[in-house]
Amino acid sequence: GFAPGTGFGTAVALAPDGGAYVAGSVDNGNDWGLVRYDPAGNELWSRVYFTNTSYLTEPEDLAVDAQGNVYVTGDTESAQTSTAARTLKYDSAGNLLWNHAFHVGTADSSATSLAVDAAGNVYVAGSTVVPNKASELSLHKLDASGALQWWKSYGHFALSAHDRGTDVAVDSVGRILVAGYIGSNTLQGPDAALLKFDAAGNLLWDRTWDGPAGRPGPGRQLA
């Protein structure tokens with residue numbers, strides 16, 4: 001467990017043995033917590049990642065690979081930016097293996113979802129501020145050691161648009177699907193978006209759509 005204070009869970013994933021990992025916000029919303037349970041619901045260990053963030057922060061997503069390594073992503077502050085897309089990797093015993101903060105120069109970035117392939121590569125979707133624009137949908141790839149391999153952005157033509165990736169999935173050959181929205185904060189409102197990338201980060205195709213009669217229709221999740 002954790003020290004007294006406000007906390008709440010934000011993501012859950014199954015462990016290979018049928019147990020569970022739960023991530024959430026602890027210490028009154030200032031830090032991240034991760035708890036490992038066995039299949040009977042007994043707590044095996046818990047960890048706190050101290051974000052050193054001055055605003056409320058929480059893990060946005062959580063994934064587990066076949067070896068029981070667990071990956072957590074969300075937003076924290078960094079030395080260079082007010083908001084960075086941070087990803088942590090723990091082994092099955094709860095040891096922190098690496099910690100990566102993604103941002104483009106001094107621009108803010110955020111993370112909303114992650115996926116892990118069979119080789120341990122990590123794909124993180126979210127948003128990144130780009131020059132002369134509010135933000136664009138963002139996707140970046142980390143290798144099994146936590147090193148950045150590439151990043152891509154995609155967005156609406158309007159300079160005022162807020163664009164964001166909200167879910168990501170990867171198939172057995174490394175092709176990546178990202179769901180999200182583009183065009184938020186424009187007169188027309190956001191359109192749902194679905195993008196497909198190859199393993200090298202090249203965009204293979206993109207699709208956007210809105211709701212009936214042109215009403216906004218942001219994409220949220222993949223299945």
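A salt bridge is counted here where a side-chain nitrogen of Lys or Arg lies within 4 Å of a carboxyl oxygen of Asp or Glu, and by this rule the count comes to two salt bridges. The model is a predicted one, in which local features need pLDDT of at least 70 and side-chain atom pairs count only at pLDDT 80 or more, while totals for chains, interfaces and linings use all residues. Residues are numbered from 1 along each chain as its sequence is written, and side-chain values use heavy atoms, with hydrogens and water left out.

The protein chain has 16 strands and zero helices, where strands (E, at least two residues) and helices (H or I, at least four) are DSSP runs numbered from the N terminus. Of its 223 residues, 51% count as buried, meaning under 20% relative accessible area, with exposed meaning over 50% and partly exposed in between (1.4 Å probe, protein chains only).

Because Asp17 lies in the loop between strand E1 (8-14) and strand E2 (20-26), and Arg36 in strand E3 (residues 31-37), the pair ties together parts that are 19 residues apart in sequence. Asp17 is partly exposed at 42% relative accessibility, whereas Arg36 is buried at 8%. Another salt bridge links Arg175 with Asp171, whose closest N and O atoms are 2.7 Å apart; Arg175 is partly exposed at 37% relative accessibility, and Asp171 is partly exposed with a relative accessible area of 28%.

Asp143, found in the loop between strand E11 (136-142) and strand E12 (148-154), is buried yet has no salt bridge, the nearest side chain of opposite charge being Lys89, 8.2 Å away. For charge, Lys and Arg count as positive and Asp and Glu as negative, while His and the chain ends are not counted.
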